[in-house]
Amino acid sequence: MSEGVVWLVGAGPGDPELISVKGLRLIQSADAIVYDRLADGRLLDHARDDSILTDVGKIPGRRVNRQEDINRLLVELGIAGKSVVRLKGGDPFVFGRGGEEAEALVDAGVRFEVVPGITSAIAAPAYAGIPLTHRKLASSFTVVTGSEDPTKPDTSVDWEALAKSSDTLAVLMGQSNLRVIADALVRYGRGPQTPVALVQWGTEPYQRTLVGTLSDIADRAAAAGIGAPAVTIVGDVVGLRDAIRWFDNRPLFGKRVLVTRTRTQASALSDMLTQQGAQPVELPTIEIQPLDDYAELDGALKNAGTYDWVVFSSANAVNIFFERMQALDLDPRALYGVQIAAIGPATKSRLLAYNIIADFIPTAFVAESAVAELNALGMDGKRVLLPQAEIARDLMRAGLAERGASVHAIAVYRTVTPPDTAERLQEIISGGIDIATFTSSSTVSNLVELLGGNTDALKDATIACIGPITAERAADLGLKVDIVAAEHTIAGLIEAVESHFEEDVKDE
Ligand code: SAH
């Protein structure tokens, strides 16, 4: 049996991209992952399919899993020879009880390593535009727990010394004692006007920041309803936020954006939205399903060399086409001499993944214009293979045939609505939607169908469409379209949405 190892890994403060390269690599290879409430669930998507995942999240106020139980679990897994990731929010050794877990592992003779993480003490202020030190304003900072009441005689935090010595304070777990902590700092000599910021859910698209002073922050926090998890930053550096905030003043920050595409395609749009600070909520209204019978495609693939052109109108078509090719023991040389067209950049890059450089990419991504551009290449008498969705618009086939091409349109995949979609949509709607995005007319039709034809639920949402055809369908179905992307790509859509919201930045 191989020797077990436990890695105490810092997951970072919230944004799943803020984990270390080493931490991510270990998640990808671990036999078992033991994780906390504050470690982001999206990190677990990287785990092996057969990894043993255990949630030991402690719900505040409820002792569901006592620390001793967690220690025992880690020791047992280690002794069983597993490679174990103990994933903890922020840094494992900053108020994470990682020290105690390490002690338990040492006592049991289980090998362990520590992978530090980005602590919320630093990340939350950073994402609020507050540097903890600054040449002119602060040359020291202290990270301190606020979970102990400073007025209790047995407190282990020397607030008097902190008030006098540390320029900046970053208080973790201080929400419930905020008032007594602020009072204590004033009593021990900090000016009542000292700026204070509370940053809740730092680095997340729903991060909230509240700024006040030692004298009023507790009242303000109560009024704004800011609770845990939050970092409280005390000191003059808080004043820098106005000038250097960068995260929560971006146009799409915090906006809940409905993303309706297939699950795989949604991720590209969602990722880009997340980069802009938005909060994508995915409703995959279309699922791509393979067909039961590929006889027709297989026949065409075996004679691929007899076509003059293959026109790929979607990345899905590319995937299925080349997967079938592999299943038939063919490789891209079967396409020797055949010209290849790709409609849209996503289709083009999907082809590149199969080492195919498209010969022709129409400048327009709208089918009507793409047909015209293809016809301009001289399609008369040409044999064209057109792998497409089962219910594709007939436009491409008809448009090419009209100009003399002999077009072989083959259905290569089917689009269906996933079964739990209607319930998921109701959930999303009750959470509120700021922006609804549509990347094809079928995403609009599917959504409106799921709503039973009644678009009231979207009447306060900004409706953004990837192009004119999609916008037309949306308008036909009763949606008021606010944004139509000038460039009909995912990036173009994001850009259009962003400029729509450019002026509209709010603060608390
Ligand atoms: N090991 C963690 C801290 C665990 S203690 C770290 O290094 O960040 C839990 C406290 O961390 C919370 O009460 C809160 O004060 C702080 N915290 C954790 N994540 C946070 C976040 N995303 N935003 C603000 N505060 C956070």
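Domain bounds in these legends come from an automatic or database domain assignment. The structure is a predicted model, in which local features need pLDDT of at least 70 and side-chain atom pairs count only at pLDDT 80 or more, while totals for chains, interfaces and linings use all residues. Residues are numbered from 1 along each chain as its sequence is written, and side-chain values use heavy atoms, with hydrogens and water left out.

**View 1. The domains of the protein chain.** The chain is divided into domain 1 (5–117), domain 2 (122–244), domain 3 (256–286 + 418–507) and domain 4 (289–415). Taken over C-alpha atoms, the centres of domain 1 and domain 3 are separated by 36 Å.

**View 2. The shell around the ligand.** The ligand lies between domain 1 and domain 2, because both of these domains give residues to the shell around it. There are 17 residues around the ligand, of which V94, T119, S120, G202 and A230 come nearest; a residue is counted as near if one of its heavy atoms lies within 4 Å of the molecule. By class, the shell divides into eleven nonpolar, five polar and one charged residue, where Ala, Val, Leu, Ile, Met, Phe, Trp, Tyr, Cys and Pro count as nonpolar, Asp, Glu, Lys and Arg as charged, and the others, Gly among them, as polar.

View 3. A polar contact is a pair of N or O atoms within 3.5 Å. An N or O atom in the side chain of T119 is 2.7 Å from an oxygen atom of the ligand, and a polar side-chain atom of S120 likewise lies 2.7 Å from a ligand oxygen atom. From G202 it is a polar backbone atom that is 2.7 Å from a nitrogen atom of the ligand. Of the 550 Å² of accessible area that the ligand has on its own, the protein covers 92%, the areas being computed by the Shrake-Rupley method with a 1.4 Å probe.

**View 4. The largest pocket.** On a 1 Å grid over the protein atoms alone, a pocket is an open set of points with protein on both sides within 12 Å along at least five of seven lines, a cavity is a set of points where a 1.4 Å probe fits but cannot get out, and lining residues have an atom within 4 Å of a point. The largest pocket holds about 1,600 Å³ of space, a volume being the space filled by probe spheres set on the grid points, which are joined across faces, edges and corners. Of its 50 lining residues, R261, S313, S314, T439 and S440 are the closest to the centre. Elements that give two or more residues to this lining include α9 (263–275), β16 (383–389) and α16 (441–450), and α12 gives the most, with five residues; helices (H or I, at least four residues) and strands (E, at least two) are DSSP runs, numbered from the N terminus. The lining has 23 nonpolar, 23 polar and four charged residues. Domain 3 and domain 4 both give residues to the lining, so the pocket lies between them.

**View 5. The largest cavity.** A search of the whole structure finds one cavity of 30 Å³ or more, and the space in the largest cavity is about 30 Å³. Its lining is made up of L178, I181, A182, V196, L214, I217, T232 and V234, with α6 (178–187) and β10 (230–234) each giving two or more residues. The largest share, three residues, comes from α6. By class, this lining has seven nonpolar, one polar and no charged residues.

**View 6. Backbone details in two loops.** A cis peptide bond, with omega of about -5 degrees, joins A228 and P229, and P229 is placed in the loop between α7 (217–224) and β10. D329, a residue other than glycine, has a positive phi near 65 degrees and is placed in the loop between α11 and β15 (339–342).

Conventions:
A polar contact is a pair of N or O atoms within 3.5 Å; within protein, one must be able to donate a hydrogen and the other to accept it, and residues adjacent in sequence count only if both atoms are side-chain atoms.
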